[in-house]
Amino acid sequence: MVAPTPSAPGGTCRVQPSPDRQSMSLLGPDGQPRRHLPLGDFRVQQVVHSPDGMWAVAYTKLRGEPQFAAMTLDLTRCETTNTVDLPEAGEDVRFEGDSAVLQLAKGERRVRLASTRVR
């Protein structure tokens, strides 16, 4: 069972994986769902919130296959920002400025937290 992950004071949302790990909900400060994120055949493995509560990274795995990904979430806007494929499962995350350093068994990968799309 995946326990709810509390948000830090800076964010307006927090990420809560569903009990079956097939989706995630972004919950507002009142605990009510603001956005539902279905993951299809992927399953949530781990969610790591930044110390300031403004960002989160969710590690996911494709069910039955050795395929992994990481999703960055903007907790002030209650939305996803980027999804990147990974060569292996993620183990932890370090937040540095506008990037997250994804810690993998065989190294690290830096990803931007904010979306690179023009708004």
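How much of the accessible surface of the chain belongs to carbon and sulfur atoms? In this predicted model, the accessible surface comes to about 6,600 Å², and carbon and sulfur atoms account for 49% of that area.

The chain itself has 119 residues, and 45% of them are buried. Its secondary structure is simple to list: there are 10 strands and 0 helices. Among contacts with a separation of 6 or more, 32% are between residues 24 or more positions apart.

The next feature is a link between two side chains. A disulfide is a covalent bond between the sulfur atoms of two cysteines. A search of the whole structure finds 1 disulfide. It joins Cys13 to Cys78, with an S to S distance of 1.4 Å. The two cysteines are 65 residues apart, and the pair links distant parts of the chain. Cys13 belongs to the segment before strand E1 (14-17), while Cys78 sits in the loop between strand E6 (68-74) and strand E7 (79-86).

Two further properties describe this disulfide. The torsion about the S-S bond of Cys13 and Cys78 is about 75°, so the disulfide is right-handed. Burial is judged from relative accessible area, and a residue counts as buried when the value is under 20%. Cys13 has a relative accessible area of 1%, so Cys13 is buried. For Cys78 the value is 4%, and therefore Cys78 is buried.

Definitions and conventions
Residues are numbered from 1 along each chain as its sequence is written. This is a predicted model: local features need pLDDT of at least 70, side-chain atom pairs count only at pLDDT 80 or more; totals for chains, interfaces and linings use all residues. Side-chain values use heavy atoms; hydrogens and water are left out. Helices (H or I, at least four residues) and strands (E, at least two) are DSSP runs, numbered from the N terminus. Buried means under 20% relative accessible area, exposed over 50%, partly exposed in between (1.4 Å probe, protein chains only). Contact means heavy atoms within 4.5 Å. Accessible areas come from the Shrake-Rupley method with a 1.4 Å probe; for residues, only the protein chains shown count as cover. A disulfide is a pair of cysteine sulfur atoms within 2.5 Å.
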